[in-house]
Amino acid sequence: MTRTSPARALGRTMALMLAAAALLAARPAAAAEEAAPLQPLVDAAPEGGVLRLAPGVYGGPVTIGKPLTVEADGAVTIVNADDRPAITVSAAGVTVRGLRIEQAGGRDSPAVQVGAPDATLEALDIRTEGFGIRLERADRSVVRGNAVRSSGPPGGRFTERKNGIDLYETHDAAIERNTVTAMYDAIYIENSDGVRIAGNTVESSRYGIHVMYSDRTVITGNTGRMNVTGAMVMTADGVLLEGNVFAKQSENVNSQGILLFAARNSVVRGNAVSGNRVGVYVEASTGNRIADNEITDNFMGMQLVDSEGNAIEGNQWIGNVADAGAQRSGANRIARNFWDAFSGLDADGDGASDLAYAVNPFFLSVTERRPVFQLLFQSPGMKFLEGLYGADRSGWAADEAPLMKPARETDGTGRETGRAAGAAGAVLLAASCAVIILARRRTT
C-alpha cells in the first residue's frame, strides 16, 4: 500500500477546499445567467396590478418603476450577480412579498433598494454579500416579517459585512417582526424620525439596533442576542425603548445591552438586560427616564458617564458582578430601585430603606484605565481601596430610597411571573405532600 505523506494529503485537501469555494462562488453568477429575467415580466404587468410569480428561479437586477405588487405564488428565488441591487423600487406604492433573494453582487449594493415612499417589503428571505434592505427617502414604508443574513463566511469580521435593514431620511416607517443575523448593524436608522421598530430578532451583529440623529423612534418588543451592543441610541430626542430583551452582549470589551449616547428626553422602560458586559450604559445624556427595567447577571449593571438630569427609578439590580458605576454623574434623580447587593434599614415600614445606597465609582475608574484589574473585583485589597476612596462622597450617584425587596418577580426575560406561577407552585407542593402522605400510609 502506497502511503501519502501528511504534507501531500494536506495539499490535496487545500486544493479541494479551494475548488469547492470557487464552485460555490461561481454558482450565483451561473444561476443568474440560466434564470428567466424578471424585468420583462415587471414591464408587462399593468400599473397598480398584481404580478404573481410562478415557482422557479428568476434573474435580476430588476427595477420596479410603477405602483405594483410583486409576490410569489410558491417557491420563488431571485438570483443576482450584478453590482446593482437585485430589486430596485423607484415608484411609490410598491409591494414585494414572499421572495427568496440571493444577492451576490458588489458589497456596496443592497439586495433590495427602495427610493420611494409607501413601499411594503414582506416575507422576503435574503442572503446577501452587501446590504440586505436599504430605504432612502422612502417615508411611511413597511418592512415586515423578513429574514436577512450575510452570505459571507461564518465568523467573519464585522467590517466585512453591511447593514441588514438600513434607513436613511425615511420618516414614519415601520420595521416589524424581522430576523436579522450576522450583519454589520442588524437594523440601522439615520436621520429618520418617527420610525417604529417592533418585534424584531437581531443576532450576532455589531449593533443589533442602531439609531442615530433620529427623533421619536419607538423600539419595542425586540430581542437581541450575541451582538456587540444590543441597542445603541445616539444623538436622538424623544425615543421610547420599551419591553425589549437584550442578552449576552458580552463578547467584546465594549459590549452593552442598551447604550444611550447624547440621548435626550427619552424613556427606557420595562426592558430586560441580562448577561451583558454592561447592562445599561448612559453617556452625555440628559432628561431621560430609566424605569422598571430588569438588570440581571451583567458584569456591570449600569454605567453613567457625564450624564445629569436623568430619572432612574423602579429598576431591579439582581446578580450583577458590579451594580453600577458613575463618573461625573451625581446630579441624577435615583430612587426606589432594588439592589440585591445592598442591605438597607426600613424603620418606618414603607418598603424603602431609610439609608441611601451610594454608587462607589472607584472600581469603574480603575478598570477603565487598567482593564486587567477586573479580575480583582471583590478582592480584599480592592475593597480596602474602595473604602479609602469612599471618604469623600461628593459627586457620587446615590439611590436615596432603595427598595427593600423587588417590586415584582420576573422570569429573567422581563416578564413578570405573576400569580399563575405562584399558583402552579402551590399545586405542585400540595401534590408532593399528598404523594408523601399516601406513601407513608401504605408502608404502615
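# Legends to the close-up views

**View 1. About 50 Å³ of space lies in the largest cavity.** The model is predicted: local features are taken at pLDDT of at least 70 and side-chain atom pairs only at pLDDT 80 or more, whereas totals for chains, interfaces and linings use all residues. Residue numbers start from 1 along each chain as its sequence is written, and side-chain values rest on heavy atoms, with hydrogens and water left out. A cavity is a set of points, on a 1 Å grid over the protein atoms alone, where a 1.4 Å probe fits but cannot get out; a lining residue has an atom within 4 Å of a point. Points are joined across faces, edges and corners, and the volume is the space filled by probe spheres set on them. One cavity of 30 Å³ or more is found in a search of the whole structure. The lining of the largest cavity consists of Met302, Leu304, Ile312, Trp317, Ala324, Ala326, Ile334, Trp339, Val359 and Ala397. Strands β34 and β37 (322-327) each contribute at least two of the lining residues.

**View 2. Strand β31 pairs with β28 and with β34.** The protein chain has five helices and 41 strands; these are DSSP runs numbered from the N terminus, of at least four residues for helices (H or I) and at least two for strands (E). Two strands count as paired if DSSP finds at least two bridges between them. β31 covers residues 278-283, and five of its six residues are buried, that is, under 20% relative accessible area; over 50% is exposed and the range in between is partly exposed (1.4 Å probe, protein chains only). β28 (residues 256-261) runs parallel to β31, with five bridges, and Phe261 is placed opposite Glu283. Five bridges also link β31 to β34 (residues 300-305), again in parallel. Here Val280 is placed opposite Met302, a residue that also lines the largest cavity.

**View 3. The largest nonpolar core has 74 residues.** Such a core is a set of buried Ala, Val, Leu, Ile, Met, Phe, Trp, Tyr and Cys residues joined through side-chain atoms within 4.5 Å. In soluble globular proteins, nonpolar side chains tend to be buried together. Ile87, Leu99, Ile101, Val112, Ile197 and Met302 touch the most other members. Contact means heavy atoms within 4.5 Å. Beyond four places in sequence, the contacts of Ile101 are Ile78, Ala86, Ile87, Ala111, Val112, Leu124, Asp125, Ile126 and Arg127. A second, separate core of 11 residues has Tyr188, Met232, Val278 and Val305 among its members.

**View 4. Strands β2 and β5 run parallel and are joined by four bridges.** In β2 (residues 50-53), Leu51 and Leu53 form a covered face, while Val50 and Arg52 form an uncovered one. Val50 has Thr69 of β5 as its bridge partner. Thr69 belongs to β5 (residues 69-72) and counts as buried because its relative accessibility is 16%. Apart from residues up to four places away in sequence, Thr69 touches Gly49, Val50, Leu51, Thr95 and Arg97.

**View 5. The side chains of Lys162 and Asp108 make a polar contact of 3.3 Å.** A polar contact is a pair of N or O atoms within 3.5 Å; within protein, one must be able to donate a hydrogen and the other to accept it, and residues adjacent in sequence count only if both atoms are side-chain atoms. Lys162 sits in the loop between β15 (147-150) and β16 (165-168). Setting aside neighbours within four places in sequence, Lys162 contacts Arg107, Asp108, Gly130, Phe131, Met183, Tyr184 and Asp185.

**View 6. Asp43 is part of helix α2 (residues 39-44).** The side chain of Asp43 makes a polar contact of 2.8 Å with that of Gln39. Asp43 counts as exposed because its relative accessibility is 51%. Its C-alpha atom is 8.1 Å from that of Ile64, 21 residues apart along the chain.

**View 7. Pro61, Ala182 and Tyr213 are shown for their backbone geometry.** The peptide bond from Gly60 to Pro61 is cis, with omega near 5 degrees; Pro61 is in the loop between β3 (56-59) and β4 (62-64). Ala182, a residue other than glycine, has a positive phi near 60 degrees. Ala182 is in the loop between β18 (179-181) and β19 (185-190) and counts as buried because its relative accessibility is 16%. Tyr213 has a positive phi of about 50 degrees although it is not a glycine. Tyr213 is in the loop between β22 (207-212) and β23 (218-220) and, at 36% relative accessibility, counts as partly exposed.

Methods. On a 1 Å grid over the protein atoms alone, a cavity is a set of points where a 1.4 Å probe fits but cannot get out, and a pocket is an open set with protein on both sides within 12 Å along at least five of seven lines; lining residues have an atom within 4 Å of a point.
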